[in-house]
Amino acid sequence: MALAIGVALYEQSSPDKNVYVMVVAIVIFMIGMMKLSSKTPSKNQDKEEDDDVQ
């Protein structure tokens, strides 16, 4: 993910921007964020478990 961010920032600062490189970097970043957020527990997870118990 850090490499994708670096490539996107580098490409953004270059005079002739390549749109395809930017799109690929953003897609890689978004996939990484999805995988990272799937490992993080939800804030409402405790509430949902308490509602199921009643």
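A residue is called buried when its relative accessible area is under 20%, exposed when it is over 50%, and partly exposed in between (1.4 Å probe, protein chains only). The structure is a predicted model, in which local features need pLDDT of at least 70 and side-chain atom pairs count only at pLDDT 80 or more, while totals for chains, interfaces and linings use all residues. Residues are numbered from 1 along each chain as its sequence is written, and side-chain values use heavy atoms, with hydrogens and water left out.

The protein chain contains three helices and zero strands, where helices (H or I, at least four residues) and strands (E, at least two) are DSSP runs numbered from the N terminus. The order of elements from the N terminus is α-α-α. Of the 54 residues in the protein chain, 13% are buried.

Helix H1 comprises twelve residues (residues 2-13). The expected span of a helix is 1.5 Å times one less than its number of residues. Ala4, Ala8 and Glu11 are the buried residues of H1. Viewed down the axis of H1, the buried residues fall within an arc of 70°, so they line one face of the helix; the arc is that of the directions from the helix axis to the C-beta atoms. An α-helix has 3.6 residues a turn, so residues three or four places apart point the same way. Ala2, Leu3, Leu9, Tyr10 and Ser13 are exposed on the other side of H1. The cover over the buried residues of H1 includes helix H2 (19-39).

Individual residues of H1 illustrate the two sides. Ala8, in helix H1, has a relative accessible area of 15% and is therefore buried. Apart from neighbours within four places in sequence, Ala8 is in contact (heavy atoms within 4.5 Å) with Met22 and Ala25. The C-alpha atoms of Ala8 and Val19 are separated by 9.9 Å, with the two residues eleven apart along the chain. Tyr10, also in helix H1, counts as exposed because its relative accessibility is 61%. Tyr10 and Met22 lie twelve residues apart in sequence, with a C-alpha to C-alpha distance of 9.6 Å.

Glu11 is buried yet has no salt bridge, a salt bridge being a side-chain nitrogen of Lys or Arg within 4 Å of a carboxyl oxygen of Asp or Glu. The nearest side chain of opposite charge is that of Lys17, 8.0 Å away; Lys and Arg count as positive and Asp and Glu as negative, with His and the chain ends not counted. The side chain of Glu11 does reach the backbone nitrogen of Asn18, at 2.7 Å. Residues up to four places away in sequence aside, Glu11 touches Asp16, Lys17, Asn18, Val21 and Met22.

Asn18 also caps the N-terminal end of H2, with a side-chain oxygen 3.2 Å from the backbone nitrogen of Tyr20. H2 has 21 residues and extends 31 Å from its first C-alpha to its last, close to the expected 30 Å. Met22, Ala25 and Gly32 are the buried residues of H2. These cover an arc of only 100° around the axis, which puts them on the same side of H2. The buried residues of H2 pack against H1. On the other side of H2, the exposed residues are Val19, Tyr20, Met34, Lys35 and Ser38.

How values were computed:
A polar contact is a pair of N or O atoms within 3.5 Å; within protein, one must be able to donate a hydrogen and the other to accept it, and residues adjacent in sequence count only if both atoms are side-chain atoms.
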